[in-house]
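This briefing is for a reader meeting the structure for the first time.

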Amino acid sequence: GRQPIGALLANFSGRSYGRLILLIILINGSVNISAAYFTPFMLHGLDLSYARFTILNGAIVVARVLSSSYWGEIARTYGNRRALQVSAVLLIPLSSLWIVSDNFAYLIGLQLLAGFAWAGFELSTFLNLFDCTDDHNRAQVLSIYNLLNGVLIVAGSLFGGTVLRALGDGGYMYIFLLSSAGRAVTVIALAKGVGVRRRLHEHSFANVFTRVI
């Protein structure tokens with residue numbers, strides 16, 4: 001039968017699904033420090049036209065669609081946990097790279113990179129959640145994940161909004177940097193032991209990361 005919620009939450013961070021959920025929700029929380037504020041930044045901070053704004057948003061969607069099958073192959077070849085680790089590392093600098101340049105070609109390239117990284121992270125998140133659960137606890141674990149993920153997304157957005165409100169337009173740079181810093185701390189603290197290891201020889205993170213790059 002199904003385990004009670006209390007049993008699932010006991011020693012949560014010590015369980016394979018607990019560490020995985022903590023990694024994912026903390027990354028999503030960090031991402032949402034800045035995520036909600038890219039639209040006003042592009043339209044008002046960078047003063048982009050609606051046409052260029054649409055192109056940039058389209059670029060990330062195109063990159064996600066085109067790279068999904070590639071990430072599926074990476075997961076099959078090197079394992080779901082390696083795909084998650086590599087894609088999570090690729091997510092780290094994305095928000096802070098927005099303060100490097102406002103060149104439109106650069107921003108398109110940045111959006112294509114973001115779409116590529118997010119395709120890998122979303123696919124490997126799904127695959128790893130299945131790896132770390134079984135038929136007896138999957139529904140409950142996914143419910144816990146969805147609840148905590150929602151809380152962290154709201155918390156991240158409120159934190160970013162508070163910083164932006166306090167600093168005005170100059171706050172964009174800070175929330176972008178804080179978003180990247182939060183992702184980096186989360187990945188460094190939690191990514192190493194996340195997921196289910198392959199029974200046979202597992203390629204090193206460095207090897208898989210280099211191949212993906």
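Asn-28 is found in helix H2, which spans residues 16-31; helices here are DSSP runs of H or I with at least four residues, numbered from the N terminus. The model is predicted, so local features need pLDDT of at least 70 and side-chain atom pairs count only at pLDDT 80 or more, while totals for chains, interfaces and linings use all residues. Residues are numbered from 1 along each chain as its sequence is written, and side-chain values use heavy atoms, with hydrogens and water left out.

**Surroundings of Asn-28**
- Asn-28 counts as buried because its relative accessibility is 11%, where buried means under 20% relative accessible area with a 1.4 Å probe and protein chains only.
- Leaving aside residues up to four places away in sequence, Asn-28 touches Trp-118, Phe-121, Tyr-145, Asn-149 and Ile-153, a contact being heavy atoms within 4.5 Å.

**Aromatic pairs**
- A search of the whole structure finds 12 aromatic pairs, that is, rings of Phe, Tyr and Trp (its six-membered ring) with centres within 6.5 Å; planes under 30 degrees apart count as stacked, over 60 as edge-to-face and the rest as tilted.
- Phe-38 and Trp-98 form a tilted pair, at 5.3 Å centre to centre and 50° between the planes.
- Phe-38 lies in helix H3 and Trp-98 in the loop between helix H5 and helix H6, so this pair ties together parts that are 60 residues apart in sequence.
- Trp-98 is buried, with a relative accessible area of 6%.
- Ring pairs also link Phe-38, Phe-41, Trp-98, Tyr-172 and Phe-176 into a cluster.

Technical notes
Helix = DSSP H or I, 4+ residues; strand = E, 2+ residues; numbered from the N terminus. Buried < 20%, exposed > 50% of the residue type's maximum accessible area, 1.4 Å probe, protein only.
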